[in-house]
Amino acid sequence: KIDTGFRMDVTSFQQRANSADEQLSQLENALQSLIKTKCSKYRYDVVYYKLQNRGNFARLLFAEADIAFNDVTDAEQVFSHCECRSTLSAENADKFWCAPFAPPAVIRYALQASNTDDDVVAISNSESMVGFLAAEFNLQPSSIDDRFRAQMFVANATDIVSEIFQHRNDAYETLNAFFINRVSRWLDIFQKPLTIKADQKFYFDDRCLAVDLCVFNICDGILDVMGDRKKELFMDTHPTLYAHYQRIGSRPRVRSLLQRQKKNGLEWWPSIYGFDACRQVLCGKDTKSETQKQDEKQSKK
């Protein structure tokens with residue numbers, strides 16, 4: 001026989017818990033409204049090529065926060081914002097007392113100038129850029145320790161981009177070994193924190209943060225280059241991480257951004273750098289690397 005008084009206490013507790021959840025949701029909505037009000041004082045540029053790649057480390061954060069930005073993708077314009085090729089325009093040199101070295105970069109302009117350093121803020125380097133936007137949009141973990149863990153994940157993600165670029169011209173055996181032995185370790189690192197608690201949906205604070213969006217982005221790139229082998233090399237080996245990838249990709253504003261990018265022809269990996277061939281080599285459709293093909297062409301001349 002169940003004690004009626006106990007049952008009423010449980011019901012009362014559930015009601016209080018539901019009320020607390022509702023109040024928390026209201027506070028989060030109020031905070032997001034304050035953030036949008038603050039951000040309305042600025043205009044934001046995302047400076048990167050007409051590619052998803054590292055540029056989406058920033059664009060996805062803008063999408064999730066529902067903050068408008070201007071996508072600067074024209075190559076000449078991109079380099080007019082950066083020092084790396086000595087192409088920083090005179091106009092931007094006057095604006096940026098701390099100029100970006102190379103894309104991607106985020107530029108924040110105050111709509112009403114106050115003649116202070118806050119008028120123009122230019123941040124490049126993917127990890128720094130993500131950290132800046134995470135703080136700007138309330139997309140960082142609540143604890144200091146977790147913020148550094150999140151920063152480590154973003155750094156790992158950008159390292160993977162560089163490593164895949166370095167291996168894109170490998171022949172099949174080397175490329176296959178790289179994905180099986182090296183990329184899989186990166187995926188292990190991303191998956192493990194998602195298995196700590198039962199039914200864990202996000203990395204920290206039980207909500208979608210910048211780190212979730214950045215891990216989604218690099219997973220999007222990895223799956224793209226894996227081509228027909230993505231099930232074998234990713235989906236079957238790292239199902240929890242793949243479920244996280246699907247969860248973030250199904251968020252309305254994330255999905256909307258990716259649909260627009262697809263419609264506008266944005267690639268994740270630049271085909272002009274041999275990534276179509278890299279995908280074919282990895283999938284066993286062409287076992288010769290781009291370097292080998294070039295060498296053969298030279299030898300026939």
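Helices are taken here as DSSP runs of H or I at least four residues long, numbered from the N terminus, and in this predicted model helix α7, which spans residues 172–191, contains S184. The residue is buried, with a relative accessible area of 17%, a value that falls in this class because buried means under 20% relative accessible area. A polar atom of the S184 side chain lies 2.4 Å from the backbone oxygen of I180. When residues up to four places away in sequence are not counted, S184 touches F179 and H238.

Strand β3, residues 105–110, pairs with β4 in the antiparallel sense, and the pairing extends over 5 bridges. Within this arrangement, I107 stands opposite A122 of β4. Strand β4 itself, comprising residues 120–124, is mostly covered, since 4 of its 5 residues are buried.

The cysteines were examined next. The structure holds 0 disulfides; C214 takes part in none, and the nearest cysteine sulfur to its own, that of C208, is 9.9 Å away. As a disulfide requires a pair of cysteine sulfur atoms within 2.5 Å, the sulfur of C278, which is 9.1 Å from the closest cysteine sulfur, in C283, is too far from it for a bond.

Conventions:
Residues are numbered from 1 along each chain as its sequence is written. This is a predicted model: local features need pLDDT of at least 70, side-chain atom pairs count only at pLDDT 80 or more; totals for chains, interfaces and linings use all residues. Side-chain values use heavy atoms; hydrogens and water are left out. Buried means under 20% relative accessible area, exposed over 50%, partly exposed in between (1.4 Å probe, protein chains only). Helices (H or I, at least four residues) and strands (E, at least two) are DSSP runs, numbered from the N terminus. Two strands pair if DSSP finds at least two bridges between them. A polar contact is a pair of N or O atoms within 3.5 Å; within protein, one must be able to donate a hydrogen and the other to accept it, and residues adjacent in sequence count only if both atoms are side-chain atoms. Contact means heavy atoms within 4.5 Å.
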